[in-house]
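Subject: Structure for your review

Dear colleague,

Please find below the structure that I would like to hand over to you.

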Amino acid sequence: MTTQSRARITLRRMEQFIAVAEELHFHRAAQRLNMSQPPLTSAIQKLEEDLGVTLIERGNRVLGLTPAGEKFVSEARKTLRQAEKTIVSTLDVAEGRTGFLRLGYVGSALYGRLPDIIREFRASHPKVRLELREATTAAQIAALRDGTLDIGVLIPPLEKADDIERVNFDSDRLCMAIPKDHPFSKRSNLTLADLAGEPFILWPMPEGRSFHLQVIRLCAEAGFVPMITQEAHGMHAVLSLVSVGGGVSVVPQSMSGFRSDQISYHPLSGSEIEFDLVIGYRHLSPSARAFVLSTADKRQGFSHSL
């Protein structure tokens, strides 16, 4: 059998033979395939010619399959199942129903709408393997650029990041975080100015420049420069140090449930305490695109921009 002959044995030809093998009757097999009998008879004869073997035992009618026919029908069924699986898998990848998605987020995002979005996405895309990584905005931007992260939930403004596409995702406010055993923790009218002279715990400016500068600016407007005695990478680390009495801080209000038995949270006032979170990305794989679109239901018109 030549390579050219093998090339003629298409999936359709296998499907036709399976029908004949199961019906053991050309007319019924033709009806099942929605075709007339003569072309089906010719197709099976051509299949045998291309293979160079007899697949069907014939008399006045189909008597059964030869050993070669039994083997062929068994392997043909496997081939058709694999072909169907290949098509479904390909469509799943193309439409973002399967794949691998690496999602980064700043710590405070876990206290907003992100957990609900993740749960909904996992329910609607169970074949997508979702890897979650908490990281600062700066670390996520670096990971987006080197290809080790697909999507990031970031805090803008993003400096020197024109290569990062972004869409609005959530919003938050700032509040003061005070150790529970601090004298100020019980005060109901605490202001930021009251924290002048207190040791502050913040995060390194390179890890979250815009957020860092926002806190410095708020303190300056309150009449003092914060005395930063310790820095920590990530908001959870900052609050953990506050909880053990290491100092005070200004943190996202959404995190006010974190170690609330050890930390007292006090709201700030004014429009400058509000900030947004955005989804950032450079290139969207089908599964990443599906995730971003799953967050768009409350952002009118966003889906049309992807």
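I begin with a contact between charged side chains. Glu-274 and Arg-173 meet through their side chains in a salt bridge, at 2.9 Å from N to O. Because Glu-274 lies in strand 11 and Arg-173 in strand 6, this pair ties together parts that are 101 residues apart in sequence. Glu-274 is partly exposed, with a relative accessible area of 47%, and Arg-173 also counts as partly exposed, at 29%. Please bear in mind that the model is predicted.

Salt bridges

A search of the whole structure finds 16 salt bridges. Two of those that I would point out to you share Asp-163 as the acidic partner. In one, Arg-145 is bonded to Asp-163, with the closest N and O atoms 2.9 Å apart. This pair links distant parts of the chain: Arg-145 belongs to helix 7 (residues 137-146), while Asp-163 sits in the loop between strand 5 (151-154) and strand 6, 18 residues apart. In the other, Arg-282 forms a salt bridge with Asp-163, and here the closest N and O atoms are 3.4 Å apart. Arg-282 is found in the loop between strand 11 (274-281) and helix 10, and 119 residues separate it from Asp-163.

Elsewhere, a network of salt bridges links Glu-22, Glu-23, Arg-28, Arg-32 and Arg-77.

In soluble globular proteins, nonpolar side chains tend to be buried together. In this model, the largest nonpolar core has 57 residues, and those with the most contacts inside it are Leu-114, Ile-151, Leu-192 and Leu-195. Strand 6 (residues 165-179) gives the largest share of this core, with seven residues. Apart from this core lies another, of 21 residues, among them Leu-33, Leu-47, Val-62 and Ala-76.

Beyond its neighbours within four places in sequence, Ile-151 is in contact with residues including Leu-101, Leu-103, Leu-144, Ile-279, Leu-284, Phe-291 and Val-292.

Leaving aside its neighbours within four places in sequence, Gln-16 is in contact with Leu-33, Met-35, Leu-40, Ala-43 and Ile-44.

Aromatic rings

The count of aromatic pairs comes to three. One of them is formed by Phe-121 and Phe-291; the ring centres are 5.1 Å apart and the planes stand at 75°, so the pair is edge-to-face. Phe-121 in helix 6 (residues 114-124) and Phe-291 in helix 10 (residues 286-294) are 170 residues apart, and their pairing links distant parts of the chain. Phe-121 is buried, with a relative accessible area of 1%, and Phe-291 counts as buried at 0%.

Phe-200 and Phe-224 form a tilted pair, at 6.1 Å from centre to centre and with 45° between the planes. Phe-200 is in strand 7 (residues 199-202), whereas Phe-224 is in the loop between helix 8 (209-221) and strand 8 (227-231), 24 residues apart. Phe-200 is buried, with a relative accessible area of 0%, and Phe-224 is buried, with a value of 9%.

Two arginines are placed over aromatic rings. Arg-129 lies over the face of Phe-100, at 4.2 Å from the ring centre, and Arg-187 lies over the face of Phe-184, at 5.1 Å from the ring centre.

With kind regards

Technical notes:
Residues are numbered from 1 along each chain as its sequence is written. This is a predicted model: local features need pLDDT of at least 70, side-chain atom pairs count only at pLDDT 80 or more; totals for chains, interfaces and linings use all residues. Side-chain values use heavy atoms; hydrogens and water are left out. Contact means heavy atoms within 4.5 Å. A nonpolar core is a set of buried Ala, Val, Leu, Ile, Met, Phe, Trp, Tyr and Cys residues joined through side-chain atoms within 4.5 Å. Buried means under 20% relative accessible area, exposed over 50%, partly exposed in between (1.4 Å probe, protein chains only). Helices (H or I, at least four residues) and strands (E, at least two) are DSSP runs, numbered from the N terminus. Rings of Phe, Tyr and Trp (its six-membered ring) pair if their centres lie within 6.5 Å; planes under 30 degrees apart count as stacked, over 60 as edge-to-face and the rest as tilted. A charge sits over a ring if NZ of Lys or CZ of Arg is within 6 Å of the ring centre and within 35 degrees of the ring normal. A salt bridge is a side-chain nitrogen of Lys or Arg within 4 Å of a carboxyl oxygen of Asp or Glu.
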